[in-house]
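Subject: Structure handover

Hi,

Here is the structure I promised to pass on. Please open it and keep it beside you while you read.

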Amino acid sequence: MLLEVRDLSIEFHDHGIPERVVEHVSFSLDSGEILGIVGESGSGKSMTALAIAGLLPRKKMNKEGSILFEGEDVLTMERKDLRLLQGDEICMIFQEPMTALNPTMRIGRQVEEALRVHHSELDAAARKERALRWLENVGLNDSERVYVSYPHELSGGMRQRVMIAAAMVGGPKLLIADEPTTALDVTVQAQVISLLKRLNKEERVAILFISHDLSLIQQISTDVCVMQKGRIVEQGSVEHIFERPENDYTKRLIAAVPRVEL
Amino acid sequence: MFRIWLLCMLLKNKILRKIFACLLTLLAASFAVFAAFEIIPGDAAVSRLGSNASESAVAALRVEMGLDKPFLLRYFLWLGGLFRLDLGTSYSYGIPVSEMLLDKLPITLCLTLMSMAVTVAVSVPLSIFYAKYARSRIDRTGYVGNQLLMAVPSFFLGIIMTWVFGSILRWFTPGGYVSYKKSFGGFLSYLILPSLAIAIPKCAMSVKLLRSAILTEADKEYVRTAYSRGLSTMEVLYRHVLKNAMIPLVTFWSMAVADMVAGSIVIEQVFNIPGLGRILLTSIANRDYPVVEAVIMLIAAVVVIMNYAADLICRRIDPRIRER
């Protein structure tokens, strides 16, 4: 098993009253698989993702349970050991590619960064060569130009492709995608989804795909966890969830009415 | 290729336009400076000859100094001289103003450079330190100290320093000074305390600015991305955050340099350093207008140039500014 989340609970402490954002969440992901987590905003899905990526602040927060990545607990790991995984084995892409990229750094340097951190054996030319190859691999044909561009010079879809290239450049085993298509328009969304599916197949990278959009989850993943108010209310294979949903909340989600609760 | 070429041309054009604007600013400043001495009461010829001089002697001297010519003509003559770097002759010393300035400029320049070097070298690591321990006890204590140092004027710090290091500890002779022509090392050592007196409030201000800029930047999402690639906190700060956080500081530093040159008037008086500030003061007292005008033009030029430099550096740091 590549990733095993066991009984994960996360509690905030920064507003005086403790706030439980994730409660007793358990799921697992095998290498090469795609697992979708679906839920409305505030359901704790992003918190779960950040916890797995080791990006939650270490203070002001109470974390219980365990997150086993290849048998080692990310949650209790020393920071320096965690850093060896981050960017190399576990990578993450975010919702808003404009703000997730450093506005004053050229694309090339950002794509190469994981290599610079984790593969000191590569020299500048080898890093550049790999970065260019990855920019092309994610569908940016004008890779030489993109390499020297700044984020604001690219379109939203291109930026997300850059983020994916920067995440994949180190050859990770797990890619966490936190609402990667939410900020993009529909056609670009479909392209990014098919790109992620292709990478999953070609590179054998496991993907944890987080979205509020059940139809996207249906397109990309094999298994689904449905989260609500910090808990997993239902989990199973995509077919199972869509054909025989047991939970009321899941049924309502499938009814595909984007509900706005006031 | 063509697009890049076009962009280069456009940028060059922008730079040219900016230089043109700088020159225009200086021209306006020159007129203001010249007109100011026309308006304020007092006559250079009288002050040179003394109030007991006969009217005919004053009139003769006025002709000799060219003061009898109409105001605008004198202005254009002076302006023409500026372009040829001929700043006129000092009324009180009878030597070319440019010679006087060249003699004094290195002193004030050294003082400014030393102050700036201290400001940059101390404030950047200190800001990072405070930002790293943000909202901790160290940070809060630092904040109080910082506010205090920000509020203390340089001349007061100068007086305290002279008192502590000069009169009590006797590390140096108060009011002592070695010319840079005699011994450069000795000269620099006499500039250490004055430059500290100038740098400390600027440093405090820089720390305040940079600390908050770093904290603002640290909350941005690209920082989380950087962490997700396995960078350490220090790497994230130095490689990603600092560059973005420097933008407000560059502007502040450019103003600080201009302020240091103009503020040398005060600090040079406190430490008895015969720099630009000193000749400015004595020239004002002697109504030695060519010198005063030259020094003020020099300060104006520093302000304009520093502003321009800050603009260029900000463009260099942030590509988004370039396109505006």
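Below is what was found, chain by chain and contact by contact.

Please keep in mind that this is a predicted model.

**Chain A**

Chain A holds eleven helices and ten strands. Its radius of gyration is 18 Å, close to the 18 Å that the globule rule gives for 262 residues, so chain A is as compact as a globular protein of that length. The C-alpha trace of chain A spans about 55 × 40 × 35 Å along its principal axes. Of the 262 residues in chain A, 44% are buried. Now look at contacts in chain A with a separation of 6 or more: residues 24 or more positions apart account for 65% of them.

**Where the chains touch**

Chain A gives 23 residues to the contact with chain B, and chain B gives 18. On the side of chain B, the elements that give two or more residues are helix H9 (221–228), helix H10 (233–271) and helix H13 (319–322). H9(B) gives the most, with six residues. By class, this side of chain B has seven charged, six polar and five nonpolar residues.

**Two domains in chain B**

Chain B is divided into domain 1 (14–83) and domain 2 (104–322). Their centres, taken over C-alpha atoms, are 33 Å apart. The two domains of chain B do touch: 13 residues of domain 1 are in contact with eleven residues of domain 2. On the domain 1 side, helix H1 (2–39) and helix H2 (44–49) of chain B are the elements that give two or more residues. H1(B) gives the most, with nine residues. That side of domain 1 has eight nonpolar, four polar and one charged residues.

**A helix pair in chain B**

H10(B) turns up again here. It packs with helix H12 (residues 289–317) of chain B at an angle of about 170°, and their axes are 9 Å apart. An angle over 145 degrees counts as roughly antiparallel. That makes H10(B) roughly antiparallel to H12(B). From H10(B), the residues in the contact include Met246(B), Ile247(B), Val250(B) and Val257(B). From H12(B), they include Ile299(B), Val302(B), Met306(B) and Ile313(B). What classes of residue make up the contact of H10(B) with H12(B)? There are 16 nonpolar, three polar and one charged residues.

Best wishes

How values were computed: Residues numbered from 1 in each chain as written. Chains lettered and ligands numbered in written order. Predicted model: local features only at pLDDT ≥ 70, side-chain atom pairs only at ≥ 80, totals over all residues. Domains from an automatic or database assignment. Contact = placed C-beta atoms within 7 Å. Helix = DSSP H or I, 4+ residues; strand = E, 2+ residues; numbered from the N terminus. Nonpolar A, V, L, I, M, F, W, Y, C, P; charged D, E, K, R; others polar. Rg over C-alpha atoms; globule rule 2.2 N^0.38 Å. Buried ≥ 20, exposed ≤ 12 C-beta atoms within 10 Å, placed from the backbone. Axes fitted to C-alpha atoms, helices over the stretch in contact; angles between N-to-C directions. Parallel < 35°, antiparallel > 145°, perpendicular 65-115°, else oblique.
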